[in-house]
Amino acid sequence: MTAPASERALVFAPRGRDAELTCTLLTMHGIAVARCASARDLIAGIRDGAGCAIMTSEVLDRELHRELHAWLATQPPWSDFPMIVLSIATGAASGALELGNMTILERPVAPRTLLAAVRAALRGRRRQYDAQAAIHQRDQFLAMLGHELRNPLAAIVLASDLLPAERASNTILARRLALVGRQANHLSRLVNDLLDVARVTSGKLQLRREAVDVDVLIRDCVETAEPRARERQIGFVVTLMSGATIEGDAGRLEQVIANLLANAIKYSPAGRTIAVSSSRSGDGCEVRVRDQGIGIAADMLPRVFDLFTQADVSLDRSEGGLGIGLALVDRMVRLHQGTVSVSSAGVGKGSEFVVWLPFGDPPATPAAAPGPVGELDRPLRVVIVEDNRDLLELTQAVIESLGCATEIAADGEEGLERIVATHPDLALVDVGLPKLDGYELAKRVKQRLVAPPTLVAVTGYGQRSDRTRALSAGFDDHITKPVRTETLQALIEATRTRLAPHRRGPRREHDDSVS
């Protein structure tokens with residue numbers, strides 16, 4: 001098999017036996033070589049993508065030096081072509097150093113020294129090509145991300161523009177609001193997927209382990225996916241036989257199954273069926289998702305679980321997606337000490353994904369906490385501190401719709417004054433505030449009030465380290481933006497329960513992020 005040009009060393013030494021001996025040495029040690037008879041051959045080989053060039057100092061005359069310098073000036077930013085000069089004497093090739101990535105070896109050169117230099121040059125060149133591929137992949141992803149974000153944003157902007165002009169009836173208003181809600185949810189999912197990638201690749205994602213009934217998990221995921229499948233006239237055949245309870249993070253495992261089902265629906269034509277099954281396998285259980293969709297080409301199979309990889313990279317992106325769903329499936333399964341594999345008979349012949357998860361040692365399910373005794377006999381008092389005026393007004397509207405009395409502030413200093421003056425039951429505080437940031441605000445509240453309110457950090461920063469920093473500063477809880485209405489409702493209910501007569505139980509945690 002012929003080595004690619006990028007793995008080949010060019011040898012230009014037309015005098016004596018230098019070229020012959022060098023080529024023989026490199027070939028004996030498995031390095032592909034191309035012998036150049038002239039400077040023109042050398043330049044042509046470099047232009048064709050060779051991995052490095054080896055030449056003797058006597059051929060590096062003014063003309064070749066000029067041609068090499070001219071070519072090197074045209075290299076893209078990622079490229080730094082390596083060259084090795086075999087010099088007849090110390091300082092004889094010193095002028096070559098200005099060409100850039102140049103190694104000068106004084107003759108006679110020990111074979112081991114020459115081999116090490118050539119291998120280092122080829123290795124360095126290989127890394128440059130890898131970096132170039134990564135840059136290309138990044139640029140493709142950023143272009144795709146821009147496309148994916150603009151679509152829901154365009155729908156939201158147009159719906160917002162139309163509402164005042166349409167003199168909308170209740171029916172039209174409801175339809176427009178439903179559209180905005182769908183597209184906002186889509187944006188939220190995209191952002192969450194990107195954050196999950198960042199957490200996984202940085203090793204900062206940690207599992208919250210509990211007992212997980214695999215069959216119940218699959219059934220719930222299928223039920224959630226069914227409306228989308230019905231829209232595309234796709235059916236499910238579900239066979240659940242594992243009866244397994246494993247140790248895992250229910251939310252993350254739900255993400256795994258949901259992504260596999262979404263992928264199967266996405267690439268299945270109308271009228272097809274998706275088979276979902278579970279069974280025991282050795283000391284674990286298997287989950288299989290088999291579709292009758294477009295299939296996967298043989299050359300794509302090894303890359304299916306790579307980040308930002310999609311089978312279809314054409315301009316027709318009606319199905320959308322960032323190419324990170326299957327990569328997240330792979331990473332999440334590995335975090336559970338499991339495996340995931342894919343098989344396909346080829347394009348047009350469907351595909352099957354198989355997830356294997358070990359049984360582990362499921363923790364005992366904690367007993368349900370006793371219900372609250374008594375009810376709070378007054379509206380909950382809530383202070384909201386947020387410097388984004390639109391978000392401040394919307395959050396206030398939601399909190400008041402839940403039966404609370406509110407005070408608002410647009411910066412940290414004003415927020416501190418309102419909290420100290422009104423003694424609220426709950427304070428929702430943005431972290432990145434002008435004048436006084438949320439961390440300092442929390443510290444001062446705890447210093448100045450004997451019975452401070454429940455302080456909740458509301459922020460776009462959702463890593464575990466951000467939560468730790470918030471709790472260390474004095475916050476009682478930490479939730480990440482965008483905050484859903486149901487999250488605020490649960491937070492209000494937990495605060496009411498805590499303040500109810502004869503009830504001083506532990507607070508429930510509400511964190512829209514999973515770090």
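At what angle do the axes of H7 and helix H8 (residues 325-335) cross, and within what distance do they come? In this predicted model, the axes come within 9 Å and cross at roughly 145°.

**Figure 1. Packing of H7 on H8.** H7 passes H8 in a left-handed crossing. On the H7 side the contact is made by Arg252, Gln255, Val256, Asn259, Leu260 and Asn263. H8 contributes Gly325, Leu326, Leu328, Val329, Met332 and Val333. Sorted by class, the contact of H7 with H8 holds 7 nonpolar, 4 polar and 1 charged residues.

**Figure 2. Packing of H6 on H7.** Helix H6 (residues 214-231) packs against helix H7 (residues 250-266) at an angle of about 35°, and their axes are 9 Å apart. The crossing of H6 and H7 is right-handed. From H6, the residues Leu217, Cys221, Val222, Ala225, Arg228 and Ala229 take part. They meet Ala250, Leu253, Glu254, Ile257, Ala258, Leu261 and Ile265 of H7. The contact of H6 with H7 comprises 11 nonpolar and 2 charged residues, with no polar ones.

**Figure 3. Packing of H2 on H3.** Helix H2 (residues 39-47) and helix H3 (residues 62-73) have axes that come within 11 Å and cross at roughly 15°. H2 is therefore roughly parallel to H3. Their crossing is right-handed. Ala39, Leu42, Ile43, Ile46 and Arg47 of H2 make the contact with Leu64, Glu67, Leu68 and Trp71 of H3. In the contact of H2 with H3, 7 residues are nonpolar, none are polar and 2 are charged.

**Figure 4. The open sheet containing S1 to S5.** The 5 strands of this sheet follow the order S2-S1-S3-S4-S5, with parallel pairing. Strand S2 (32-35) and strand S5 (102-106) are the edge strands, each pairing on one side only. Neighbouring strands are turned by 20° against each other on average, direction ignored. Within the sheet, strand S1 (residues 8-12) and strand S3 (residues 52-56) pair in the parallel sense over 4 bridges, and Val11 stands opposite Ile54 in S3. Helix H1 (residues 18-28) packs on the sheet, where H1 touches S1, S2, S3 and strand S4 (83-87). The direction of H1 makes about 165° with that of S2.

**Figure 5. The open sheet containing S13 to S17.** This sheet also has parallel pairing, and its 5 strands have the order S14-S13-S15-S16-S17. Its edge strands, strand S14 (405-409) and strand S17 (477-480), each pair on one side only. From one strand to the next the twist averages 20°. Strand S16 (residues 454-459) pairs with S17 in the parallel sense over 4 bridges. Val458 stands opposite Ile479 in S17. Helix H12 (residues 464-473) lies across S16 and S17 and runs at about 140° to S17.

Figure 6. For the protein, the mean pLDDT is 82, and 85% of the residues reach 70 or more. Where pLDDT is low, the predicted coordinates should not be read in detail.

Notes
Residues numbered from 1 in each chain as written. Predicted model: local features only at pLDDT ≥ 70, side-chain atom pairs only at ≥ 80, totals over all residues. Heavy atoms only, no water. Axes fitted to C-alpha atoms, helices over the stretch in contact; angles between N-to-C directions. Helix = DSSP H or I, 4+ residues; strand = E, 2+ residues; numbered from the N terminus. Parallel < 35°, antiparallel > 145°, perpendicular 65-115°, else oblique. Left-handed = near helix turned anticlockwise from the far one by under 90°. Contact = heavy atoms within 4.5 Å. Nonpolar A, V, L, I, M, F, W, Y, C, P; charged D, E, K, R; others polar. Pairing = 2+ DSSP bridges. pLDDT = per-residue confidence, 0-100.
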